[in-house]
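Please consult the sequence and the model while reading.

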Amino acid sequence: MTELRDKYLTAIAAAPDEDALEDLRVTAVGKKGEVSLKMRELGKMTPEERQVAGPALNALKDEINSALAARKQALGDAALDERLRTEWLDVSLPARGRRQGTIHPISQVSEEVTAIFADMGFAVAEGPQIETDWYNFDALNIPGHHPARAEMDTFYMHRSADDERPPHVLRTHTSPVQIRTMQAQGAPLRIIAPGRVYRADYDQTHTPMFHQVEGLAIDRDISMANLKWTLEEFVKAFFEVDNVELRFRASHFPFTEPSAEVDIRCSWQDGTLKVGEGDDWLEILGSGMVHPKVLEAGNIDPSQWQGFAFGLGIDRIAMLKYGIPDLRAFFDSDLRWLRHYGFAGLDVPTLHGGLSR
Ligand code: PHE
């Protein structure tokens, strides 16, 4: 018995892994293991012999079982230590560099604008880029003969003379989303609609495809004062300055009455733009109180509801905020330009984290 004890306790202490340990368990205390076979021999012994051998065999079995358990625990601990050592990760390391592709300034600025208006309770709405001329013009109080149709340099979709469908255009502004949202949601509502728009125009500040954000707020007693406050809050947050001065200039849009174009006080020094100071004014958006005919086109009763709307050029404010001189380069897909003006993928703009950091 002493021999058995020494043999197994030594082997168990030296077992390299759990498989070896299991083999030892089977050969020692398994059903046909050495200790178990010895226990079967108890029956052939005299009662006196049995009284000595029985307890001794049981004690040996217990001793081997606890040695097995202790070794198993030790092997498990060692395996865990090894995993903790090799799978260790330094979560304080800086994030990977930004050179694996960048976020386009238009995407960045759209996210920034969305974050700011979301904070003021505006939801995001969308509409199609290929629009019927009714949504793009008529519903917005721009009838067929209206000069605004010609002014907008509209792209018309090709159609044959016998085409029954209404004429379609590439939308010239995001304002048709006003109508679609009014029809879909009714009043009250508060939305912005960022997206692509198209006009046949091309120079340093115009491309045939560009981006706007439409804003629309409708309620029982919305006024120009609400419009002014909202736009001031937006401009402060977007340009990340505490003081801004906006100038509302009387203007004309068929879909708003009264209408105002909004300029922002700024200065140009050595080609860099500073917002909020200086003697220059820069036009950034068109706006006004929604025309009653536009509310009607959106199935909203103008005797019950009123609201403001605005349309802001995303490309324009991106150029201003990030000092990008030529709009055409935005859409050239030049990798050097994208790397220079692009944003890191992990810099998701939030109001609390900083919009453009
Ligand atoms: N849709 C106008 C444009 O494209 C901008 C605008 C929107 C003006 C909403 C007033 C109200 O120029």
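In which loop does proline 188 lie? Proline 188 is placed in the loop that runs between helix 8 (176–185) and strand 4 (189–198). The model is predicted. The points below begin with the ligand, proceed to the domains and end with the backbone.

**Ligand shell**

- The ligand is surrounded by 14 residues, and the closest of these are His173, Ser175, Arg199, Gln212 and Gly311.
- By residue class, the shell around the ligand comprises eight polar, four nonpolar and two charged residues.
- Three strands, namely strand 5 (209–219), strand 9 (280–290) and strand 10 (306–313), each contribute at least two residues to the shell around the ligand.
- Strand 10 provides the largest share of that shell, with three residues.

**Polar contacts and burial of the ligand**

- In histidine 173, an N or O atom of the side chain is 3.0 Å from a nitrogen atom of the ligand.
- An oxygen atom of the ligand lies 2.9 Å from a polar side-chain atom of arginine 199.
- For glutamine 212, the distance between a polar side-chain atom and an oxygen atom of the ligand is 3.0 Å.
- The protein buries 91% of the 330 Å² that the ligand exposes when taken alone.
- As to its location, the ligand sits in the largest pocket.

**Domain layout**

- The domain assignment divides the chain into domain 1, covering 2–86, and domain 2, covering 103–344.
- Taken over C-alpha atoms, the centres of domain 1 and domain 2 are separated by 81 Å.

**Cis peptide bonds**

- Alanine 187 and proline 188 are joined by a cis peptide bond, for which omega is about -5 degrees.
- A cis peptide bond also leads from glutamate 257 to proline 258, with omega near -5 degrees.
- Proline 258 belongs to strand 7 (residues 256–269), whereas proline 188 lies in a loop.

**Positive phi values**

- Asparagine 141, a residue other than glycine, has a positive phi near 65 degrees.
- The position of asparagine 141 is in the loop between helix 6 (133–136) and helix 7 (147–151).
- Serine 333, also a residue other than glycine, has a positive phi near 55 degrees.
- Serine 333 is located in the loop between helix 11 (314–322) and helix 12 (335–341).

Conventions:
Residues numbered from 1 in each chain as written. Predicted model: local features only at pLDDT ≥ 70, side-chain atom pairs only at ≥ 80, totals over all residues. Heavy atoms only, no water. Near = heavy atom within 4 Å. Polar contact = N/O pair within 3.5 Å; in protein donor to acceptor, adjacent residues only side chain to side chain. Areas by Shrake-Rupley, 256 points an atom, 1.4 Å probe, with all protein chains shown as cover. 1 Å grid on protein atoms, 1.4 Å probe; cavity = no way out; pocket = protein on both sides within 12 Å on 5 of 7 lines; lining within 4 Å. Sits in = over half its atoms within 2 Å of the grid points. Helix = DSSP H or I, 4+ residues; strand = E, 2+ residues; numbered from the N terminus. Nonpolar A, V, L, I, M, F, W, Y, C, P; charged D, E, K, R; others polar. Domains from an automatic or database assignment.
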